[in-house]
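Dear colleague,

Please find below the structure I was asked to pass on to you.

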Amino acid sequence: MSVDTEEKIAENTLEGNGAGAVKIASDVVATIAGLAAADVAGIAGMSGGVVGGIAEMLGRKNMTKGVKVEIVETEAVIDIYTIVEYGTAIAKVAEEVQKAVKNAVESMTGLTCPTVNVHIQGVTFPAGHPNNPKPEE
């Protein structure tokens, strides 16, 4: 295990019940958050960033790349970078993502999640839409 990985895990130590300490890697929290966000209706996928002015959409294998996690003591601050489906109410979808991520991270890790920032980086269009003339395969 590299020193960098050891530092990430050490930052995320939760006090146990006297039987020892529980250490949760930031990547684990990022995976939980990414999967929770992707399951929200209206989310087309996670965004790996903006390349050449176009948001890059990631598949389910790259869930942690659209998520940034910062853990301080027992609190996780999470930034989610997503792409939404055209026609959805973006504010409502973003609120649902915040709720889903907060619930998933808190219930699975025991960390508190006071802040979930949702960054909408793009919109996908359905097949046949003038902005997406290619039929879905």
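Tyr-86, Ile-90, Ile-120 and Val-123 form a nonpolar patch on the surface, and together they have about 330 Å² of accessible area. Please keep in mind that this is a predicted model.

Ser-47 is placed in strand β3, residues 43-51. With a relative accessible area of 1%, Ser-47 is buried, since buried means under 20%. The side chain of Ser-47 also makes a polar contact with the side chain of Gln-121, at 2.9 Å.

Ala-89 sits in the loop between β6 (75-85) and α3 (90-109). Its relative accessibility is 45%, so Ala-89 counts as partly exposed. Although Ala-89 and Gly-42 are 47 residues apart along the chain, their C-alpha atoms are separated by 8.2 Å.

Finally, I turn to helix α2. This helix has 13 residues (26-38) and reaches 18 Å from its first C-alpha to its last, close to the 18 Å expected at 1.5 Å a residue. The buried residues of α2 are Ser-26, Val-29, Ala-30, Ile-32, Ala-33, Gly-34, Ala-36, Ala-37 and Ala-38.

With kind regards

Notes. Residues numbered from 1 in each chain as written. Predicted model: local features only at pLDDT ≥ 70, side-chain atom pairs only at ≥ 80, totals over all residues. Heavy atoms only, no water. Patch = residues over 30% accessible without salt bridge, like charges linked within 9 Å, V, L, I, M, F, W, Y side chains within 5 Å. Areas by Shrake-Rupley, 256 points an atom, 1.4 Å probe, with all protein chains shown as cover. Salt bridge = Lys/Arg side-chain N within 4 Å of Asp/Glu carboxyl O. Helix = DSSP H or I, 4+ residues; strand = E, 2+ residues; numbered from the N terminus. Buried < 20%, exposed > 50% of the residue type's maximum accessible area, 1.4 Å probe, protein only. Polar contact = N/O pair within 3.5 Å; in protein donor to acceptor, adjacent residues only side chain to side chain. Expected span 1.5 Å × (residues − 1).
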